[in-house]
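Subject: Structure for you to look at

Hello,

Here is the structure I promised to pass on. Please open it beside this note and read along.

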Amino acid sequence: MHLKVYKALWGMSGDLEGQLVRIKEANYDGVEVGIPAPEDAGLFIRLKKELSLGYVASVFTSGPDHLASFKSQLEEAVR
């Protein structure tokens, strides 16, 4: 059995690239974070791939239709 350890971005300072590099340098297997904003998605995907980091998507539903909000965020996370 192999235990994978993920680090949340919560509480970290600096830009996205610096945060992910520090997570990799600390030997974490991946990152836990909300769905990246559309303007950050490409950078996040590229860095995650380059650094070989796994991803746990945190989903926070909103609005009157929480199921639709969840489905929309889940589709974004899969991308």
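Below is what turned up, going from the overall fold to single residues.

This is a predicted model, in which local features need pLDDT of at least 70 and side-chain atom pairs count only at pLDDT 80 or more, while totals for chains, interfaces and linings use all residues. Residues are numbered from 1 along each chain as its sequence is written, and side-chain values use heavy atoms, with hydrogens and water left out.

**Overall fold**

The protein has 3 helices and 3 strands; helices (H or I, at least four residues) and strands (E, at least two) are DSSP runs, numbered from the N terminus. Along the sequence they follow the pattern β-α-β-α-β-α. The C-alpha atoms fill a box of roughly 40 × 35 × 25 Å, taken along the principal axes. Of the 79 residues, 22% are buried. For that word and its relatives, buried means under 20% relative accessible area, exposed means over 50%, and partly exposed lies in between (1.4 Å probe, protein chains only).

The 3 strands make an open sheet in the order 1-2-3, with parallel pairing; two strands pair if DSSP finds at least two bridges between them. Strand 1 (6-8) and strand 3 (54-58) are the edge strands, each pairing on one side only. On average, neighbouring strands of this sheet are turned by 25° against each other, direction ignored. For that angle, axes are lines fitted to C-alpha atoms (for helices over the stretch in contact), and angles run from 0 to 180 degrees between N-to-C directions.

Strand 2 (residues 30-34) is joined to strand 1 over 3 bridges and to strand 3 by 5 bridges. From strand 2 the chain crosses through helix 2 (residues 38-50) to strand 3, in a right-handed β-α-β crossover. Right-handed here says that, with the strands pointing away from the viewer, the path from the first strand over the helix to the second runs clockwise.

A search of the whole structure finds 1 salt bridge, that is, a side-chain nitrogen of Lys or Arg within 4 Å of a carboxyl oxygen of Asp or Glu. The partners are glutamate 50 and arginine 46, at 3.0 Å from N to O. They are separated by about one helical turn because they lie 4 residues apart in helix 2. Glutamate 50 counts as exposed, at 53% relative accessibility, whereas arginine 46 is partly exposed at 38%.

**A nonpolar patch**

Leu67, Phe70, Leu74 and Val78 form a nonpolar patch on the surface, with about 400 Å² of accessible area together. Patches are made of residues with over 30% relative accessible area and no salt bridge, where like charges are joined within 9 Å and nonpolar side chains (Val, Leu, Ile, Met, Phe, Trp, Tyr) within 5 Å. The areas come from the Shrake-Rupley method with a 1.4 Å probe; for residues, only the protein chains shown count as cover. Phenylalanine 70 is in helix 3 (residues 66-78) and is partly exposed at 38% relative accessibility.

**Two loop residues**

Which residue in the loop between helix 1 (16-25) and strand 2 is worth a look? Asparagine 27 sits there, with a positive phi near 70° and a relative accessible area of 67%, so this residue is exposed. Serine 52, in the loop between helix 2 and strand 3, has a positive phi near 55° and counts as exposed at 55%.
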